[in-house]
Amino acid sequence: MDQLAIENFQEYLRIPTVHPDINYEPCVKFLEKQAESLGLPCVIHYCKPKNPIIIITWIGNEPSSPSILLNSHMDVVPVFADKWKYKPFDAHIDENGNIYARGSQDMKCVGIQYLEAVRRLKFHNVTLKRTIHVSFVPDEEVGGVLGMDEFVRTDLFRKLNVGFALDEGIASPNDVFRVFYGERTIWQFKLHCPGQTGHGALLLDNTAGEKVRYLIDKFSDFRAEEKKKLETNASLTIGDVTTVNITTLKGGVQTNVIPEEFIIGVDTRIPVTVNLNEWESTISNWCKESGRDVWIEFVRKHPATPVTKLDATNIYWTSFQSTLKDLGLSMKLEIFPAGTDSRFLRELGIPAIGFSPINNTPILLHDHNEFLNSNIFLRGIEIYCKLLTKIANI
Ligand SMILES: [Zn+2]
């Protein structure tokens, strides 16, 4: 069974579901084959053309109880193949049992671990009270607009009657597993700085460059403060501070012409403790102070999403927590530093936990030479077996 799990993982990793313009059809075929081997029904739904959502369902003994959704995304981010030790879509296993491939951590491992856990439970004739839906979605790595964002608005999704969801986490370099119960809010925007154009030999007033300088100073000073906060307080993680990065700079025609506009692109991630209205007025004030006619064009402006409650009112959480404790695994609760599909579920009030059972592994998501050790991968299947037995029997 271990061998089969690893072979399935490798086969899935070899499907290059890499952005942009992904062809998901080989993935659909692969997952249909998996469902068939598990003796489970499989539904393929297209919210948007070419962007399938695959749901493999294991009906519980009490099908009217709220179900458990095990979500993963099929897409992966691009690679710089020449920087890799092994080809990124070969799923090569080295002498230490490390499986190298794009998606080995983020997050094809988790998708296969869900299925292999179901396979083991079924093999041991375990039955569960609650129905389990294993979902495979597209488009997560570029915002989920063609995937989960659309899917949660469909009748099909409502009919799944999801009570609790598991989704991706991040690897942990030490023994402690990372468990995510919320996400920072993503705001990305362009600051348009128009100004007086003219000859580059003059000292004109109201130039675009001066406005850019003011804004970059403000955002950089703020960034430095947040960085200091993070570095001087060991209890904080990146998910607890506001990150600010200048990501694009555009404008200008030639070096002796003062441009009529510069545009600064900014990526900000805002922790759940920050009031979004206050953050917005801070940004607008900086724009006003920087000079005349500066304006903000939002690229992404997510609303604040509530975090998943971690108290006795959340029976799924208490059972998740006690399972990890029974297994003798230690965990750290965190706010996810980036965005995942969990936010679309939390927006609907569905409790969702981000958890990838990957410890003692360098964090290599989106990096060169992404790998996962086969023993860690197999251990993860065991962890899901225990989690599902507990959570789906509440
Ligand atoms: Zn991911």
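# Close-up views of contacts, salt bridges and helix packing

**View 1. Histidine 302 is in contact with Thr185, Ile186, Trp187, Leu276 and Arg343, leaving aside its neighbours within four places in sequence.** Contact here means heavy atoms within 4.5 Å. A quick word on what you're looking at: this is a predicted model, so local features need pLDDT of at least 70 and side-chain atom pairs count only at pLDDT 80 or more, while totals for chains, interfaces and linings use all residues. Residues are numbered from 1 along each chain as its sequence is written, and side-chain values use heavy atoms, with hydrogens and water left out. Histidine 302 sits in the loop between strand E14 (295-301) and H8; helices (H or I, at least four residues) and strands (E, at least two) are DSSP runs, numbered from the N terminus. Is histidine 302 buried or exposed? Its relative accessibility is 17%, so it counts as buried. The cut-offs are under 20% relative accessible area for buried, over 50% for exposed and partly exposed in between, using a 1.4 Å probe and protein chains only.

**View 2. Arginine 300 belongs to strand E14.** With a relative accessible area of 24%, arginine 300 is partly exposed. Skip the neighbours within four places in sequence, and arginine 300 is in contact with Gly143, Ile186, Trp187, Gln188 and Arg343. Threonine 185 is 115 residues away from arginine 300 in sequence, yet their C-alpha atoms are 9.8 Å apart in space.

**View 3. Arginine 102 and glutamate 370 join their side chains in a salt bridge, at 2.7 Å from N to O.** Arginine 102 is in the loop between strand E5 (98-100) and helix H3 (108-123), and glutamate 370 is in the loop between strand E16 (352-354) and strand E17 (371-373), so the pair ties together parts that are 268 residues apart in sequence. Both arginine 102 and glutamate 370 are buried. For a pair to count as a salt bridge, a side-chain nitrogen of Lys or Arg must be within 4 Å of a carboxyl oxygen of Asp or Glu. The structure holds 14 salt bridges.

View 4. Arginine 269 pairs with aspartate 267 in a salt bridge of 2.8 Å, N to O. Arginine 269 counts as buried at 16% relative accessibility, and aspartate 267 is buried too, with a relative accessible area of 17%. Lysine 390 forms a salt bridge with aspartate 326, and their closest N and O atoms are 3.1 Å apart. This pair links distant parts of the chain: lysine 390 is in helix H10 (residues 374-391) and aspartate 326 is in helix H8 (residues 315-326), 64 residues apart. Lysine 390 counts as partly exposed at 31% relative accessibility, whereas aspartate 326 is exposed at 59%. Also look for Asp2, Arg120 and Glu382, linked in a network of salt bridges.

**View 5. Helix H1 (residues 2-13) packs with helix H2 (residues 25-38) at an angle of about 160°, with their axes 10 Å apart.** Axes are lines fitted to C-alpha atoms, for helices over the stretch in contact, and angles run from 0 to 180 degrees between N-to-C directions. H1 and H2 are therefore roughly antiparallel to each other. Angles under 35 degrees count as roughly parallel, over 145 as roughly antiparallel, 65 to 115 as roughly perpendicular and the rest as oblique. From H1, Asn8, Glu11 and Tyr12 meet Cys27, Phe30, Lys33 and Gln34 of H2. The residues of this contact between H1 and H2 divide into 3 nonpolar, 2 polar and 2 charged. Ala, Val, Leu, Ile, Met, Phe, Trp, Tyr, Cys and Pro count as nonpolar, Asp, Glu, Lys and Arg as charged, and the others, Gly among them, as polar.

**View 6. H3 and H10 pack at an angle of about 60°, and their axes are 8 Å apart.** That angle makes H3 oblique to H10. The crossing of these two helices, H3 and H10, is right-handed. The contact residues include Ile112, Val118 and Leu121 of H3 and Phe377, Ile381 and Leu388 of H10. Residues in the contact of H3 with H10 divide into 14 nonpolar, 3 polar and 3 charged.

Conventions: A crossing is left-handed if the near helix is turned anticlockwise from the far one by less than a right angle, and right-handed if clockwise.
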